[in-house]
Amino acid sequence: MTEEIVIIGGGTGGSVLANDLAERLEAEIDAGDVSVTLINDGPDHVYKPVWLYIPFGLREPEDGRRPLRELVDNRIEIRQGRVTEIDTEAKQLTTSERVSPTHYDHLVVATGSTLAPEEVPGLAEGGHDYYSEAGALALRDELLEFTEGHLVLSVIGSPHMCPAAPLEFVFMTDDWFRKRGLREDIEITYTYPINRVHGNPHIAEWAQPLMDERDINTETFFNGEEVDPESQTLTAMEGSEIDYDLLVSIPPHRGVEMIAEAGLGDRGWVEVDKHTLEAEHADDVYALGDAAATGVPKAGSVAHYQAATVGQRLASEVRGQVATAAYDGKTICFIETGMDAASFVEFDYQNPPSPVSPSEKIHWSKLAYNESYWLTARGLI
């Protein structure tokens, strides 16, 4: 009997894992003892960090998109379709495109995050985002026409993808407007839902002085509850209110509904052991990347490192060996601090982040990584 491994989701975690398994289990796959199937709801792999640069005219959507078939090893079967149900008792998946269920022996959930602006009344109509392709394109048009007034960046809800991106955006807009001679006529305000400017206290402590130096207003413990597009106001559940001329939001994030329906976790995040990444409420199920509730940032580097752990564990399991690989919480992140400078952090479960001094060299290192990312997705670096 062929042992069937199924991965749901062709983002960073799913793609890197698929290529990792193709290499680790090459002999077993070639012999027909193991099969690996990757199910994705579209034909492309999307590198979402590109969207941060689109509003500034530095990238186009196609820069962040490649066909999955070009990135994933030919030993991996790719199916295009949306998984609508996970039956962890029967070890079956239901997809919208197939009549008969798909069986699995081992399942990996890498379904990522979805945006839920509709949870905040008026947000979809009154705000802009750069966490989606359409949002980034629309924001590009708005920024080009914005020459004076009050720009508000509001982080609404947590967790969200790429925790550093809200900081990056206000640092970049500040520098972008200064270089265009517009900054004196533009007020920038940054809001965050807890009592500091970032979820991680070490990054918040580093970022706050930079924001103060650049006259970026900060409103912490501000949980956006409602947007009035006509009066252009954002109201917090704490009772405070901010007027804006251009509202840029980080909308609430959720996982996919079928995860909760399958009993794997609330809000679409799979509850896992943070070291082994095994699901807590089902056997033979792993989760990684944004879909896994580990407490670490929802970032591409996390999915990459977690994929290596899951790949090692699955290889051990299909060979009848004890799986010992563990994820240590490793995360790396570049943080743009302007249009031509950036910082860098590296941390894990035991060691907190300590951002390095921003420099042009690190900025170019980030841009170089963005270009080489496609080699990462292929499992080459």
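User: Hi! Before we start, what kind of model is this?

Analyst: Hello! This is a predicted model, and the values below are computed from it.

User: Great, let's do aromatics. How many aromatic pairs does a search of the whole structure find?

Analyst: The search turns up 14 aromatic pairs. One of them joins Tyr 47 and Trp 374.

User: What geometry do Tyr 47 and Trp 374 have?

Analyst: Their ring centres are 6.2 Å apart and the planes meet at 70 degrees, so this pair is edge-to-face. The cut-off for that label is an angle over 60 degrees.

User: And where do those two residues sit in the chain?

Analyst: Tyr 47 is in the loop between strand S3 (44–46) and strand S4 (65–67), while Trp 374 belongs to helix H10 (residues 360–377). The pair links distant parts of the chain, 327 residues apart.

User: Is Tyr 47 buried or exposed? And Trp 374, buried or exposed?

Analyst: Tyr 47 is buried, because its relative accessible area is 7% and the limit for buried is under 20%. Trp 374 is buried too, also with a value of 7%.

User: What about Phe 56 and Phe 169, how are their rings arranged?

Analyst: Those two form a tilted pair, with 5.7 Å from centre to centre and 45 degrees between the planes. Phe 56 lies in the loop between S3 and S4 and Phe 169 in helix H6 (residues 165–179), so the pair ties together parts 113 residues apart in sequence. Both Phe 56 and Phe 169 are buried.

User: Which residues form an aromatic cluster with them?

Analyst: Phe 56 and Phe 169 share one aromatic cluster with Tyr 130, Tyr 131, Phe 146, Trp 176 and Phe 177.

User: Which residues of H5 are buried?

Analyst: In H5, the buried ones are Gly 135, Ala 136, Leu 139, Arg 140 and Leu 143. Viewed down the helix axis, the buried residues of H5 fall within an arc of 145 degrees, so they line one face.

User: Why would residues spaced like that point the same way?

Analyst: An α-helix has 3.6 residues a turn, so residues three or four places apart point the same way.

User: How does H9 do on the span check?

Analyst: Helix H9 (residues 300–318) agrees: its 19 residues should span 27 Å at 1.5 Å a residue, and its end C-alpha atoms are 27 Å apart. After H9 comes Gly 320, with a positive phi near 75 degrees.

User: Zooming out, how is the protein divided?

Analyst: There is domain 1 (3–113 + 255–318) and domain 2 (117–252). Their centres, taken over C-alpha atoms, are separated by 31 Å. The contact takes 18 residues from domain 1 and 21 residues from domain 2.

User: Now single residues. Where does His 160 lie, and what is it in contact with?

Analyst: His 160 lies in the loop between S11 and H6, and counts as buried at 3% relative accessibility. Leaving aside neighbours within four places in sequence, His 160 is in contact with residues including Tyr 131, Tyr 192, His 253 and Lys 298.

User: And Glu 360? Which residues does Glu 360 touch?

Analyst: Glu 360, found in helix H10, touches Asp 340 and Ala 341, not counting residues up to four places away in sequence. Glu 360 counts as partly exposed at 48% relative accessibility.

User: Last one: where is the place of Ile 29?

Analyst: Ile 29 is in helix H2 (residues 26–30) and is buried, with a relative accessible area of 12%. Setting aside residues up to four places away in sequence, Ile 29 touches Leu 21, Ala 22, Val 34, Val 36 and Arg 75.

Terms used
Residues numbered from 1 in each chain as written. Predicted model: local features only at pLDDT ≥ 70, side-chain atom pairs only at ≥ 80, totals over all residues. Heavy atoms only, no water. Phe/Tyr/Trp six-rings, centres within 6.5 Å; stacked < 30°, edge-to-face > 60°. Helix = DSSP H or I, 4+ residues; strand = E, 2+ residues; numbered from the N terminus. Buried < 20%, exposed > 50% of the residue type's maximum accessible area, 1.4 Å probe, protein only. Arc of directions from axis to C-beta. Domains from an automatic or database assignment. Contact = heavy atoms within 4.5 Å. Expected span 1.5 Å × (residues − 1).
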